[in-house]
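Colleague: Before we discuss the classifications, may I see the sequence and the structure?

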Amino acid sequence: MKGPLNRRSFLRISALTGAFMGIPSLGLGGKTPDIEELLDRISATPSPSGQSVIGLTVPPIKQVRVGIIGLGMRGSGMTKLIDALCPDKAKIVAICDLQEKYTSRTLEALKKNNQNPAVYKGDPNAWKEMVKRDDIDLVFIFTHWDVHVEMAVESMRQGKHVAVEVPAAITLEEAWQMVNTAEETQRNCIMLENCCYGSEELWLLNMARQGVFGNLTYGEAAYIHDLRSLMLDHSYYNQWRIRHHVKHDANLYPTHGLGPVSQYMEIDRGDRFEYLVSMSSPSVSLAEYSKKMDYSNEFYNRNDFIHGDMNTSLIKTAKGRMIHLYHDVVTPRPYSRNNCLAGTGGYHEGYPSRLALDGKDSHRWLPDNEYKEMRAKYDHPIWTRLKAEIEKYGGHGGMDFVEIYRVIDNLNRGIQLDMDVYDAASWSVVYPLSEISVQLGSVPVKFPDFTRGRWKEPRKLQILLD
Ligand SMILES: NC(=O)c1ccc[n+]([C@@H]2O[C@H](COP(=O)([O-])OP(=O)(O)OC[C@H]3O[C@@H](n4cnc5c(N)ncnc54)[C@H](O)[C@@H]3O)[C@@H](O)[C@H]2O)c1
């Protein structure tokens, strides 16, 4: 076998749980697949089973009737923001969670705003009954990663639009299933990448589109967030998050940093992700931390975590640009999404936000007054327009409110949503692709083209058209 790949690599790749599932036309006529052939098939495009949903609009929905699945840490907070838009723009028709304590807590809160949604609870399949209802337009999915696509696909099949938390999909098969179902049903399937609505991110997006950065060359994106205690205590339902660290060594949570950088670079709207390479550091932090747990904790004193403390992936785009993507949720270090963007006209670095511009003293960051001038000139107007609501309702500094507002308001007005199912698939699929690359010694792994060739068409994001 050629290059760094050998029989051992093949055996390891065969063992990748689900990572290769969903590769189109894997039927190889009984012959032992060559690993390079398998890698090629990752990026093969299956025949479409419906029409593209690029630019999809649906008739205005004056009051969006909402069903919500998952009322845990994220779902309870987001439900408050949806409630803030009721009854003028939305109505919460039904809520669902496995756990009764969460449905009753949410119901009580909603009743204060004169809402009385139907409640589905106590059974892992109760949501299926909920999405069958004929009085729901949009299903929000705030459950854990493993069930996102199953819930999204069934909701679309039942005629509902879908807004699903990040990452939308965690296998290639799921990503294609989500895209194909949206195309078959002509329903919206938006991934709730709230960081695309951050005021810093929208400001950078505006500047990138208006040419401040000149020709874009590279970006940096990250999810760096010390989640050790959250993952090991019982905050998450059934400790779902840490289970991924036992089974997968990959960039498990790519989209918070990557979503905005993809929008700066017009991914799937003129450029596309072509391939990635990925590498992980040793996995040590969780094993050490697990010693601090109580004996009764399933993860007490474990040493079978395989997820490297830091995963770094490099993504190459069709236009030759590069994105450096980090994932670390176990090192004691401050939160960051990096949010870097470089071009011939300037450079931005986040955490804290700093800007350097060509034509100024580019060896130094812009002084405070000039930075503020740039903010005033290029800030996205939605943050001014919704200032009072953002201050009142917040959610990660306000971006959660802006996100929910845009999903509902765009449907109210019958205009396209700000992100589509292709964004959801392209950004999420970094999880399985980086896993394959890590396992095979950082080999390049090509992205599938979920748009089936339409990424070449320049398209303006709806958030920039209003
Ligand atoms: N965008 C963001 O900033 C952000 C922040 C936090 C979490 N998230 C995402 O939100 C999602 C949920 O995370 P979380 O922190 O709320 O987790 P969580 O464990 O607190 O909540 C998950 C909820 O889903 C419920 N659930 C599980 N299976 C179910 C089923 N079959 N039917 C009905 N309910 C079911 C659980 O009972 C629980 O209440 C994840 O995808 C996560 O990545 C996003």
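**Shell, domains and sheets**

Modeller: Domain 2 (64–192) and domain 3 (196–384 + 420–464) each contribute at least three residues to the shell around the ligand. Please keep in mind that this is a predicted model.

Colleague: What makes a residue part of the shell, and how many residues surround the ligand?

Modeller: The criterion is a C-beta atom, placed from the backbone, within 6 Å of the molecule. The ligand is surrounded by 27 residues, the closest being Gly 70, Gly 72, Met 73, Arg 74 and Tyr 237. Helix 3 (73–83) and strand 2 (90–97) each provide at least two residues of this shell, and helix 3 has the largest share, with three residues.

Colleague: How is the shell around the ligand divided among nonpolar, polar and charged residues?

Modeller: There are 16 nonpolar, eight polar and three charged residues in the shell. Gly counts as polar under the convention used.

Colleague: Which domains does the assignment give for the protein chain?

Modeller: The assignment gives domain 1 (7–42), domain 2 (64–192) and domain 3 (196–384 + 420–464). The C-alpha centres of domain 2 and domain 3 are 25 Å apart. Their contact involves 18 residues from domain 2 and 19 residues from domain 3.

Colleague: What makes up the side of domain 2 that touches domain 3?

Modeller: Helix 7 (172–185) and strand 6 (189–191) each supply at least two residues of that side. Helix 7 gives the most, with five residues. By class, the side of domain 2 that touches domain 3 has 14 nonpolar residues, three polar and one charged.

Colleague: What is the strand order of the open sheet of six strands?

Modeller: The order is 3-2-1-4-5-6, and the pairing is parallel.

Colleague: Why do strand 3 (118–121) and strand 6 stand at the edges?

Modeller: Each of strand 3 and strand 6 has a single partner strand, so one side of each has no neighbour in the sheet. On average, neighbouring strands of this sheet are turned by 20° against each other, direction ignored.

Colleague: How do you know that strand 4 (residues 138–141) and strand 5 (residues 161–164) pair?

Modeller: Pairing requires at least two bridges between the strands. Strand 4 and strand 5 have four bridges, in the parallel sense, and therefore count as paired. Val 139 stands opposite Val 162 in strand 5. Helix 6 (residues 148–157) lies across strand 1 (64–69), strand 4, strand 5 and strand 6, and runs at about 165° to strand 5.

Colleague: Why is Glu 154 called partly exposed?

Modeller: A residue is buried at 20 or more other C-beta atoms within 10 Å and exposed at 12 or fewer. Glu 154, whose place is in helix 6, has 17 other C-beta atoms within 10 Å and is therefore partly exposed. Leaving aside neighbours within four places in sequence, Glu 154 is in contact with Lys 128 and Val 131.

Colleague: Why does Cys 196 count as buried?

Modeller: Cys 196 has 27 C-beta neighbours inside 10 Å. The cut-off is 20 or more, so Cys 196 counts as buried. Cys 196 lies in the loop between strand 6 and helix 8 (199–209). Leaving aside its neighbours within four places in sequence, Cys 196 is in contact with Glu 201, Gly 259, Pro 260, Gln 263 and Met 419. The C-alpha atoms of Cys 196 and Gly 259 are separated by 6.2 Å, although these residues are 63 residues apart along the chain.

Colleague: What makes strand 7 (residues 216–224) and strand 9 (residues 311–317) partners of strand 10?

Modeller: Again the threshold is at least two bridges. Strand 7 is joined to strand 10 (residues 322–328) by seven bridges, in parallel, and Ala 222 has Tyr 326 as its bridge partner in strand 10. Strand 9 is joined to strand 10 by six bridges and runs antiparallel to strand 10. Lys 316 stands opposite Met 322 in strand 10. The hairpin of strand 9 and strand 10 has four residues between the strands, and Gly 320 in that hairpin takes a positive phi near 90°.

How values were computed. Residues numbered from 1 in each chain as written. Predicted model: local features only at pLDDT ≥ 70, side-chain atom pairs only at ≥ 80, totals over all residues. Domains from an automatic or database assignment. Contact = placed C-beta atoms within 7 Å. Axes fitted to C-alpha atoms, helices over the stretch in contact; angles between N-to-C directions.
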